[in-house]
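Subject: Structure handover

Hello,

Here is the structure for you to look at. My notes follow below it.

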Amino acid sequence: MLRDFGANIAPFNENATFKVNINGLTAKVNESISNACLEVAKEGDKRSCEFLILVNIKTGEWDYQEKGMENAVGGHDFFDFLANTNNKYAFVHNHPSGMTFSFDDLQTFLVIDSIDVMVASGHNGKIFYIKGKKRKIKNKRPGGIQLRGKGPDRNN
Ligand SMILES: [Zn+2]
């Protein structure tokens, strides 16, 4: 589902801290996400594959882990897990290239309700993250303007 190995692979950066400080999350959860960033980059570099850790953004626990194929994470088990939870997660995975999000990353973030934070941990120590989203656009706009008419993206 998520592919990054097509791009150039950066060497693992031994000196990087892999620390994040994401607004709205506790120090404990940020610490846990930081540890997850280091883990996926280190293991991903060692075994040349993609790793995924879902960090519970309330407890900081690593509730789900996946060692991907050579170039992808997010298989059937991932969707089974998410189908059976109401928790919110940080999706922490490695980017061998150290480059920013792929289209699939953004789609995963936007479409899957349980994923509240998307984190890409580059093997070079560069970390990208996005957090929070408007989950539902109701047929009301600020100022009380109503959307009218029918369409695939409207509720009326
Ligand atoms: Zn990715």
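What covers the buried residues of helix α1? The cover includes β1 (51–56), β2 (62–67), β3, β4 (115–122) and β5 (127–131). Bear in mind that this is a predicted model.

The helix. α1 covers residues 27–47. Its 21 residues should span 30 Å at 1.5 Å a residue, and its end C-alpha atoms are 30 Å apart, so the two agree. Buried residues in α1 include Val29, Asn30, Ile33, Cys37, Val40 and Gly44. α1 lies across β1, β2, β3, β4 and β5, and runs at about 170° to β1. Just after α1, Ser48 has a positive phi of about 50°.

The sheet. It is open, has 5 strands and mixed pairing, and its order is β2-β1-β3-β4-β5. On average, neighbouring strands are turned by 15° against each other, direction ignored.

β3 and β4. These two strands pair in the parallel sense over 7 bridges. Val92 stands opposite Val119 in β4. Helix α3 (residues 103–111) lies across β3, β4 and β5, at about 160° to β4.

His93. This residue sits in strand β3 (residues 89–95). Is His93 buried or exposed? His93 counts as buried, because it has 27 C-beta neighbours inside 10 Å; the cut-off is 20 or more. The C-alpha atoms of His93 and Ser121 are separated by 6.0 Å, though the two residues are 28 residues apart along the chain.

Best wishes

Technical notes:
Residues numbered from 1 in each chain as written. Predicted model: local features only at pLDDT ≥ 70, side-chain atom pairs only at ≥ 80, totals over all residues. Helix = DSSP H or I, 4+ residues; strand = E, 2+ residues; numbered from the N terminus. Buried ≥ 20, exposed ≤ 12 C-beta atoms within 10 Å, placed from the backbone. Expected span 1.5 Å × (residues − 1). Contact = placed C-beta atoms within 7 Å. Pairing = 2+ DSSP bridges. Axes fitted to C-alpha atoms, helices over the stretch in contact; angles between N-to-C directions.
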